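Thanks for coming. Please have the sequence and the model open while I talk, and stop me if you lose the place.

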Amino acid sequence: MSGVCSPAEFARRVPIRNYDEIRPWIDRIRRGEPQILTKDPVRRLVPTSGSTAARKLIPYTASMHQELNRATGPWIFDLYRRHPQALLGVSYWSISPVSSDTNESAEGSSVRIGFDDDAAYLGAFRKILINASMAVPQELRHITSIEDWQYVSALVLLRRGHLSLVSVWHPFFLSILLRVMWDNWEQLLFDISTGTCSVINRLPSFVAASIKSGPNSRRFEELRSISSPTVNRVWPNLRVVSCWADGHATGAAHQLAQSLGSVVLQPKGLIATEGIISIPFEGRHPLAIRSHYLEFEDDSGRLLLSSELQETHEYHVILTTGGGLCRYRLDDRIAVDGMLGRTPSIRFVGKSAQVSDRMGEKLSDGFVASVFSKLFEGVQIRPSFAMLAPDVDANGCRYTLYLSADASSEMCAKLDLLLSANPHYAYCRRLTQLCLPRLFRVSDDACTAYYQRLLPAGKRLGEVKPVGLSALDGWSDYLSGYYID
């Protein structure tokens, strides 16, 4: 922008916008109009979404990929510097099934929609490096049945005894896959020993060809000798699992880490489709200051640069990228948890735009995240699944906390007290518009049931992001368990 020579001038001349405000320009890019949000040609429009929000399309240009590379380069360097043995085997980068509306999304678009696979997010060069050591072929993304995709992914991974690195998004993603392996252990071993696949007849021919394998008696004997399968025994060369571990992924990450044995769980930084905010580096998560242009807003509305952030304080992220997003409100709330040199290290707290508002209570995901932090304070192991959602029955409207841990009525009273720190919620409780919240103890397969409810909306498994607050009601019809009196 001509005439802009300082951050203050940039902030004065360019308004902060959310996705709804830039959607008309995105539609023009999709129709093929050039130089709408950026002079660079838009190579891709990449879909992203929240758990209930409509799909958004994020523009990617050559400049955008350069910015991503400036962030991922130090992350990957630090990963292999700290864990050099992770270079010696094959890696698994999550490839989730295609959504059922992929073709529909691309229809009528002059710009390609989405990436061919998850590795392409990192750019062409890194995609080549990753695919060269990929444990699972990218063709698996075309399996539309979640059950078949899980089984085939488990089979292909079990064949690879020298797996050394796993990179997924949410820890549930890997936990579900491991559960499929343990539940189908004997059948998977049979397929390995015979070179077959029990679901091969349900797969597209080109997918079946990509996983074709002869009998592997050596790997079969290795696995059969394991009386009780664990991650360490199945993949003795596995060194690192990289995944989200902040915000509402904290409990699930802790549970996954417990099952990994000596394998290191590396918490990812704040990495979104819109851009990279922070990266793992030297055991912290510094801001990716060499990537995009970052601004931060505190609760008073004051705008700050990276150098002005203070430890223990929380902020909202505003992002400017080479893809054309200019002072874009990301709706992510972060907290500064330390410094790496002079660069703030941050953790993700929650989504500030995810809101449930049935009676005027205006509960946000970020607020609920802080409630959970206080609710589970002092608990040795945080529940792997914890979600607050509204419920309506003959007695009125209330909020239910679905959690994968035993709890007492005292926790219910504490939850109500913590939620009442939100004045809108407290007002609705005083007017009896909202009843006392209740607790629901979910079974171990809660994350699977959560995915199954949301996947019919046409999302990919990797797109469904477990949240601490859902605006949807009726979760007791989908999650197995019982109410806690």
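Predicted model: local features only at pLDDT ≥ 70, side-chain atom pairs only at ≥ 80, totals over all residues.

Leaving out residues up to four places away in sequence, Ser470 touches Gln354, Ser356, Met387, Leu388, Ala389, Pro390 and Trp475. To find Ser470, look in the loop between helix H16, residues 446-454, and strand S18, residues 481-484. Is Ser470 buried or exposed? Its relative accessible area is 3%, and the cut-off for buried is under 20%, so Ser470 counts as buried.

Now the protein as a whole. There are 485 residues, and 54% of them are buried. The secondary structure comes to 16 helices and 18 strands. Taking contacts with a separation of 6 or more, 67% are between residues 24 or more positions apart.

Next, the cysteines. How many disulfides does the structure hold? The number is 0. Take Cys397, which is in no disulfide: the nearest cysteine sulfur belongs to Cys435 and is 7.6 Å away. A disulfide is a covalent bond between the sulfur atoms of two cysteines.

Last, the cavities. Searching the whole structure gives 5 cavities of 30 Å³ or more. Which residues line it? They are Tyr92, Leu157, Leu163, Val166, Leu174, Leu178, Met181, Val231, Trp235, Leu238, Val241 and Leu260. By class, that lining has 12 nonpolar residues, with no polar and no charged ones. Two elements each supply at least two residues of the lining: strand S5, residues 163-167, and helix H7, residues 171-183. Of the elements, H7 gives the most, with 3 residues.

To recap: Ser470 is buried in its loop, the structure holds 0 disulfides, and the second largest cavity has a lining with no polar and no charged residues. That is what I had.

Technical notes
Residues numbered from 1 in each chain as written. Heavy atoms only, no water. 1 Å grid on protein atoms, 1.4 Å probe; cavity = no way out; pocket = protein on both sides within 12 Å on 5 of 7 lines; lining within 4 Å. Points joined across faces, edges and corners; volume = space filled by probe spheres on them. Helix = DSSP H or I, 4+ residues; strand = E, 2+ residues; numbered from the N terminus. Nonpolar A, V, L, I, M, F, W, Y, C, P; charged D, E, K, R; others polar. Buried < 20%, exposed > 50% of the residue type's maximum accessible area, 1.4 Å probe, protein only. Contact = heavy atoms within 4.5 Å. Disulfide = S-S within 2.5 Å.
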